[in-house]
Amino acid sequence: MSAKVIDGKEFAANVRAKVAEHVARLKEENGITPGLAVVLVGEDPASEVYVRSKGKSTVEAGMNSYEHKLDADTSEADLLALIDKLNNDPAVHGILVQLPLPGHLNSDLVINSIDPAKDVDGFHISNVGLLGTGQKSMVPCTPLGCLMMLRDHHGSLSGLDAVVVGRSNIVGKPMAQLLLGDSCTVTIAHSRTKDLAEVCRRADILVAAVGRPEMIPGDWVKPGATVIDVGINRIERDGKKKLVGDVEYESCAAVAGAITPVPGGVGPMTIACLLANTLTACCRANG
Ligand code: GUN
């Protein structure tokens, strides 16, 4: 069997086009332009790439982008003061603080200082609780993108066995909540899981979000399963730099029914969902 390749780039382009259309209508009919503020503390090169890409996509969708780049030694008080200002700025509908933050800053405290209605990452404790209890919330972008691709591929997910490998607050846990919300039978596996291979082989839907390059080989995949690879790992092979996921693509694609590639799978959907969340936050703020 050779898997269908789920084209996240094309899917994301469609989502972005729909968002842009809605933004144009909002502007024309209501004179409102959604605004996203992105805060970057320090000079982590990967974070700088992400932040630049988020800003560019925001502007391309017709929204206002506000970038705040702060020195690595910014104090917690100064960062909280900026967030307070953004919380109270009616032109800002979404706020994203790029993670990881430098070690002297308390990430939980910072994230929980964002107005939950503007928390387009869905990381605020209120949004986490709302998602966990099936209420209207801001949903974290990466798992939301994965869910959209899964719904598109499967139609209904009801009754399917889903295994999420990885238990992070950003991906693993919210992904599991979303799959549960769509009536999957969900297992969260992680580095301490006993016989991880056997657990993965039970999955109709296998979501890999561990951050370890090519950790999951094809013989851990049930024939015909859908494999969603959230990993973005930079490695060097044969003297060349390369991006790989958390699954061994060739061997998994030979067994799976469908698979997301890296790059061009989950990655583009994350930014598309960030734009969609910013639009949602703007619409909710304006009734
Ligand atoms: N760092 C890595 N992924 C993310 C994300 O989705 N949101 C934020 N704020 N930081 C990140």
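**Asking how we know**

Student: What makes you place Val39 opposite a residue of β3, and which residue is that?

Tutor: Val39 stands opposite His68 in β3. Before going on: this is a predicted model, where local features need pLDDT of at least 70 and side-chain atom pairs count only at pLDDT 80 or more, while totals for chains, interfaces and linings use all residues. Residues are numbered from 1 along each chain as its sequence is written.

Student: How do you know that β2 and β3 pair?

Tutor: Strands are DSSP runs of E with at least two residues, helices are runs of H or I with at least four, and both are numbered from the N terminus. Two strands pair if DSSP finds at least two bridges between them. Strand β2 (residues 35-41) and strand β3 (residues 64-70) have seven bridges, in the parallel sense, so they pair by that rule.

Student: Why is the crossover from β2 to β3 called right-handed?

Tutor: The chain goes from β2 through helix α2 (residues 45-60) to β3. Right-handed means that, with the strands pointing away from the viewer, the path from the first strand over the helix to the second runs clockwise. This β-α-β crossover is right-handed.

Student: What makes β1 and β6 edge strands?

Tutor: The open sheet has six strands in the order β1-β11-β8-β7-β5-β6, with parallel pairing. β1 (4-5) and β6 (185-189) each have a single partner strand, so one side of each is left without a neighbour in the sheet. For β1, two bridges join it to β11 (residues 258-259), and Lys4 stands opposite Ala258 there.

Student: Is Lys242 buried or exposed, and why?

Tutor: Buried needs 20 or more other C-beta atoms within 10 Å, exposed means 12 or fewer, and partly exposed is in between; C-beta atoms are placed from the backbone. Lys242 has 12 C-beta neighbours inside 10 Å, so it counts as exposed. You'll find Lys242 in strand β10 (residues 240-244).

Student: What makes something a nonpolar core, and where does the largest one lie?

Tutor: A nonpolar core is a set of buried Ala, Val, Leu, Ile, Met, Phe, Trp, Tyr and Cys residues joined through C-beta atoms within 7 Å. The largest has 84 residues, and Cys252 is one of those with the most contacts inside it. Helix α10 (residues 266-285) gives the largest share, eleven residues. Domain 1 (29-115) and domain 2 (141-267) both contribute, so this core lies between them; those bounds come from an automatic or database domain assignment.
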